[in-house]
Amino acid sequence: MVEFDDTFRQHLRELFVWRRDVRRFRSDPLPEGAIERLIETACLSPSVGLSQPWRFVTVDDAARRRAVTDDFKACNADALNCYFGDRAARYATLKLSGLDQAPGHLAVFADKASSIGHGLGRATMPETTEYSVVAAITAMWLSARADGIGIGWVSILSPDRIHAILDVPHSWKFIAYLCIGYPEAECDRPELEQAKWEHRRGADEFTLRR
């Protein structure tokens, strides 16, 4: 049995604290095989019924990247129109993607039609397929941070258009589009907190006892 000491646990907590949703990337290329190694780590994650529903698409083609960026710009303009007054003005100042700077682009999907795992655990909660993929993304995020690599999750996108741009099977549900690269700066506070959009709250605000 592997045992982890207090030093390891402290370092692990520091890794959680210093993980950021990165929007500002340096132009340095990633090392050969870096994204593949992150995917391998993600595949160590738990999944409902050992279904392993994660599907990864590395996006290298320049035309497809431009199409994703164009979709982000359209969706972001629509999102801005949902805000008014000071909140709209503040939203307009936020940098919400690193699509133009990040050397690595990775789309992540959940395969809803996979027979792997034989349906175990999904009859009453089929959404655990998507939850399993999110767990894999979290493992990848932390592993990347340990390597000094930043990841930014771009969610302001149209799933239908991303499906068409990347030409993936219909049964794959779009979960995340990740920008991957070395961050311009490191910080232990979320960028949205620094921009005074929202602040991190304590665990007691989200915990009930029954």
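Student: Which strands and helix do the buried residues of H2 pack against?

Tutor: The model is predicted, with local features needing pLDDT of at least 70 and side-chain atom pairs pLDDT 80 or more, while totals for chains, interfaces and linings use all residues. Residues are numbered from 1 along each chain as its sequence is written, and side-chain values use heavy atoms, without hydrogens and water. Helices (DSSP H or I, at least four residues) and strands (E, at least two) are numbered from the N terminus. Taking packing as contact, meaning heavy atoms within 4.5 Å, the partners of the buried H2 residues are strand S1 (54-58), strand S2 (104-111), helix H5 (128-146) and strand S4 (172-181).

Student: Which residues of H2 are buried, and what arc do they cover around the axis?

Tutor: Buried means under 20% relative accessible area, exposed over 50% and partly exposed in between, with a 1.4 Å probe and protein chains only. In H2 (residues 34-42), the buried residues are Ala34, Ile35, Leu38, Ile39 and Ala42. They lie on the same side of H2, because the arc, taken over directions from the helix axis to the C-beta atoms, is only 140°.

Student: At what angle do H1 and H5 pack?

Tutor: Axes are lines fitted to C-alpha atoms, for helices over the stretch in contact, and angles run from 0 to 180 degrees between N-to-C directions. The axes of H1 (residues 6-18) and H5 are 10 Å apart, and the angle is about 100°. H1 is therefore roughly perpendicular to H5, the class for 65 to 115 degrees; under 35 is roughly parallel, over 145 roughly antiparallel and the rest oblique. The contact is made by Leu15, Phe16 and Trp18 of H1 with, on H5, Leu142, Arg145 and Ala146, at that angle of about 100°.

Student: Which backbone nitrogen does the side chain of Ser47 reach?

Tutor: Ser47 sits in the loop between H2 and S1 and counts as buried because its relative accessibility is 14%. Leaving aside neighbours within four places in sequence, Ser47 is in contact with Gln52, Pro53, Trp54 and Ser132. At 3.2 Å, its side chain reaches the backbone nitrogen of Ser51.

Student: What distance separates the C-alpha atoms of Leu166 and Phe56?

Tutor: Leu166 belongs to helix H6 (residues 159-166) and counts as buried because its relative accessibility is 8%. Not counting residues up to four places away in sequence, Leu166 touches Val57, Val59, Arg64, Ala107 and Phe109. Leu166 and Phe56 are 110 residues apart along the chain, yet their C-alpha atoms are separated by 11 Å.

Methods: Polar contact = N/O pair within 3.5 Å; in protein donor to acceptor, adjacent residues only side chain to side chain.
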